[in-house]
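Welcome! Let's walk through this structure together, one step at a time. Keep the 3D view open as you read.

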Amino acid sequence: MYVGMAVSIAQDAVELFLRAVMKDRPVVGRKIPDDFVQCMDYIDSAASQDTNQHVPFRAKLIDLNKARVNFKHYGLIPNRTDARRLLGYVADFFEEASWQYFNIRFSDISASDLVMSNGVRERLKRAEQALRDEELEQCLGYSAEAVDVATKELIQPLNRRSHWAGMSFSMGGTDLLGRRFFDDLERYVYGVVSDSDRMALMLALSVNLNDLARFEKVAPFVTQMLAGNYTWQRMNDPTGLTASDAAFAVNFATKFALSAQGRLSSADAD
């Protein structure tokens, strides 16, 4: 059964892609069709005589669709060899069609593309690239930055700092040392409030505390400087970290960013 499901899901993925292409390149006066093969006809028609923009691997995709119809409507399950062959067609199609229609490598597409914040998305992309390049510390660092930026973007509208910024210390003839004391005090109090907000945010977003604990264990501690750049600091020995830890960090940071984005969008709507 799972072999037939794999083929069916693969066909669904291809059809969703074809529909994205049709929406991107509509044909005036023509309705987007429901039939899979007609979707390919629609795209080829929009490309007119430019055969380079016709749907690639068309015959192979028709074979894929036939297998899906046979499984869904007639209960005919493809054998594993045929299923692997069909899934290979799908992989080849996405690699070629993504570049052909959207000038994007399919292997570069990830859930991070759904993140609207430029600052967060850029850091997630850097983390993903570092993971592919097996630069684990870079991957973990950028993942930590992404979480920090997403957190600040969600907390910032609350403007918690305004309470402390509005406090006026009457220092009169206080010397430079005294002013530094009050500056340090304000930074300390703001830091405590920010940490409290951060933990409250984690709980509000229903972040899995075990995942959070693992992320904080593998990711470096990040500090944003006045110029906007970040510094990374290790609180533990990184020698035991693995590619699995780095992949987990990217995944955690991406899910957290999307969850924070969803909550921020809801707040904007309200």
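How close do the axes of H5 and H6 come, and at what angle do they cross? Keep in mind as we answer that this is a predicted model. The two axes come within 8 Å and cross at roughly 165°. Because angles over 145 degrees count as roughly antiparallel, H5 is roughly antiparallel to H6. The crossing in which H5 passes H6 is left-handed.

Now look at the residues between these two helices. On the H5 side you will find Gly119, Val120, Arg123, Leu124, Arg126, Ala127, Ala130 and Leu131, and they meet a set of H6 residues that includes Tyr142, Ala146, Val149 and Glu153. Sorted by class, this contact has 10 nonpolar, 3 polar and 4 charged residues.

One of those H5 residues leads us to the next topic. Val120, together with Phe215 and Phe256, touches the most other members of the largest nonpolar core, which has 35 residues. Helices H5, H6, H8, H9 and H10 each give two or more residues to this core, and H6 supplies the largest share, 10 residues. If we leave aside its neighbours within four places in sequence, Val120 is in contact with Val115, Ala146, Val149, Ala150, Glu153 and Ala257. Apart from this core lies another one, made of 26 residues, among them Ala10, Leu18, Phe36 and Leu86.

Next, turn to a second pair of helices. H1 covers residues 2-24 and H4 covers residues 80-102; their axes come within 10 Å and cross at roughly 15°. Since angles under 35 degrees count as roughly parallel, H1 is roughly parallel to H4. Here, too, the crossing is left-handed as H1 passes H4. The H1 residues in this contact include Ala10, Val14, Phe17 and Leu18, and the H4 residues they meet include Leu86, Val90, Phe93 and Phe94. By class, the contact of H1 with H4 has 20 nonpolar, 1 polar and 2 charged residues.

Is Thr254 buried or exposed? Its relative accessibility is 7%, and the cut-off for buried is under 20%, so Thr254 counts as buried. Which residues is Thr254 in contact with, leaving aside its neighbours within four places in sequence? They are Ala111, Ser112 and Leu124. You have already seen Leu124 among the H5 residues that meet H6.

How values were computed. Residues are numbered from 1 along each chain as its sequence is written. This is a predicted model: local features need pLDDT of at least 70, side-chain atom pairs count only at pLDDT 80 or more; totals for chains, interfaces and linings use all residues. Side-chain values use heavy atoms; hydrogens and water are left out. A nonpolar core is a set of buried Ala, Val, Leu, Ile, Met, Phe, Trp, Tyr and Cys residues joined through side-chain atoms within 4.5 Å. Buried means under 20% relative accessible area, exposed over 50%, partly exposed in between (1.4 Å probe, protein chains only). Helices (H or I, at least four residues) and strands (E, at least two) are DSSP runs, numbered from the N terminus. Contact means heavy atoms within 4.5 Å. Axes are lines fitted to C-alpha atoms, for helices over the stretch in contact, and angles run from 0 to 180 degrees between N-to-C directions. Angles under 35 degrees count as roughly parallel, over 145 as roughly antiparallel, 65 to 115 as roughly perpendicular and the rest as oblique. A crossing is left-handed if the near helix is turned anticlockwise from the far one by less than a right angle, and right-handed if clockwise. Ala, Val, Leu, Ile, Met, Phe, Trp, Tyr, Cys and Pro count as nonpolar, Asp, Glu, Lys and Arg as charged, and the others, Gly among them, as polar.
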